[in-house]
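Please read the following briefing alongside the sequence and the model.

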Amino acid sequence: MARARVLIRPKEGILDPQGKAVERALPALGFEGIEHVRVGRMVELEADDAERLPELCEKLLANPLIEDFEIESIDGGG
Amino acid sequence: MRWGVLQFPGSCDERDALHACGLSGEARLVWHEERDLGGVDAVVIPGGFSYGDYLRAGAIARFSPAMEAVAELAADGGPVLGICNGFQVLCEAGLLPGALLLNDELRFVCRQVELVDDAGERLSIPVKHGEGRYWAPQTMLDEIEAQGQVAFRYAPGQNPNGSARDIAGVRNEAGNVLGLMPHPEHAVDPLTGSTDGLRVFEAIAAARV
């Protein structure tokens, strides 16, 4: 089983209201100088066949029109 | 005219859609696990939160057996109307161009809005959604505008969610698949303030007769 982590985030240039809301809240808590906050999703999974993960991401986990994704192997895969 | 109204776990507007369709023909519910639409002429994918909106609104509903049947109906030229979550499902399924994103102000909006259809007619129809910001790349927006695929826009100054170019509803290239964020099924009785939504259902029924 290969363990993987998929990171999904809104594409650059698309307004991310969640990121903006987080960014606006930070100064009130004393965190200055934080910019370009983007909020996405993280999916962890175990797969028999890691080769098919990109296809799975494009078809379901991410919407390639509006989101970018990255697949990371966890603990070296296996 | 025989209408089928899809019902997913988490749909919540199927009863109003059933009522609205019933005003211009017969209408029945189609459970999401049904692979056979039972010979209906047209399908409505109603609003709600299909499969809890998990992952992304509409992302999981598109893989349901009933949606396979809807895709076949659409490919054969059958009319398909997606309202709100139904619009999101149709975009996720690739049956309509673009995507629906979180409203720009992050607020769930629930109010009556004025729409303008592609003939310049105004309609007063309610919206109620948190993820209704229509978005597509600039080139795709240019393309759908040039091909007359923008069916409804929010009237000037009434865009409730930051939708690109005030787009409230689009159709596919062939013209038989239509999706919109506002709810025509909630505007079919004078009791609730407007009957303009009837025109959306009647136009589909008239085109089919």
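This is a predicted model: local features need pLDDT of at least 70, side-chain atom pairs count only at pLDDT 80 or more; totals for chains, interfaces and linings use all residues.

**Strand pairing, backbone and chain contact**

In chain B, strand β1 (residues 2–7) and strand β2 (residues 26–31) pair in the parallel sense over 6 bridges.

**Around β1 of chain B**

- The path of the chain from β1(B) to β2(B) leads through helix α1 (residues 14–22) of chain B, and this β-α-β crossover is right-handed.
- Within the pairing of these strands, B:Trp3 stands opposite B:Ala27 of β2(B).
- β1(B) also pairs in the parallel sense with strand β3 (residues 42–45) of chain B, here over 3 bridges, and B:Gly4 has B:Val43 in β3(B) as its bridge partner.
- β1(B) is mostly covered, with 5 of its 6 residues buried.

**The sheet of chain B**

- An open sheet of 9 strands with mixed pairing runs in the order β2-β1-β3-β4-β11-β10-β9-β6-β7 in chain B.
- Because β2 and β7 (122–129) of chain B stand at the edges and each has a single partner strand, one side of each is left without a neighbour in the sheet.
- On average, and with direction ignored, neighbouring strands of this sheet are turned by 25° against each other.
- β9(B) and β10(B) run antiparallel and are joined by 3 bridges, and B:Arg153 stands opposite B:Ile167 in β10(B).
- Helix α2(B) lies across β1, β2, β3, β4 (80–83) and β11 (177–180) of chain B, and runs at about 130° to β4(B).

- B:Tyr51 counts as buried because it has 22 C-beta neighbours inside 10 Å, where the cut-off for a buried residue is 20 or more.
- B:Arg165, likewise a residue other than glycine, has a positive phi near 50° and lies in the loop between β9 (150–154) and β10 (167–171) of chain B.
- B:Arg165 has 15 C-beta neighbours inside 10 Å and therefore counts as partly exposed.

**Contact between the chains**

- In the contact between the two chains, 9 residues of chain A meet 10 residues of chain B.
- On the side of chain A that touches chain B, helix α1 (residues 17–25) of chain A gives the most, with 3 residues.
- The residues on that side of chain A divide into 7 nonpolar and 2 polar, with no charged residue.

Terms used: Residues are numbered from 1 along each chain as its sequence is written. Chains are lettered from A and ligands numbered from 1 in the order in which they are written. Two residues are in contact if their C-beta atoms, placed from the backbone, lie within 7 Å. Helices (H or I, at least four residues) and strands (E, at least two) are DSSP runs, numbered from the N terminus. Ala, Val, Leu, Ile, Met, Phe, Trp, Tyr, Cys and Pro count as nonpolar, Asp, Glu, Lys and Arg as charged, and the others, Gly among them, as polar. A residue is buried if 20 or more other C-beta atoms lie within 10 Å of its own, exposed if 12 or fewer, and partly exposed in between; C-beta atoms are placed from the backbone. Two strands pair if DSSP finds at least two bridges between them. A crossover is right-handed if, with the strands pointing away from the viewer, the path from the first strand over the helix to the second runs clockwise. Axes are lines fitted to C-alpha atoms, for helices over the stretch in contact, and angles run from 0 to 180 degrees between N-to-C directions.
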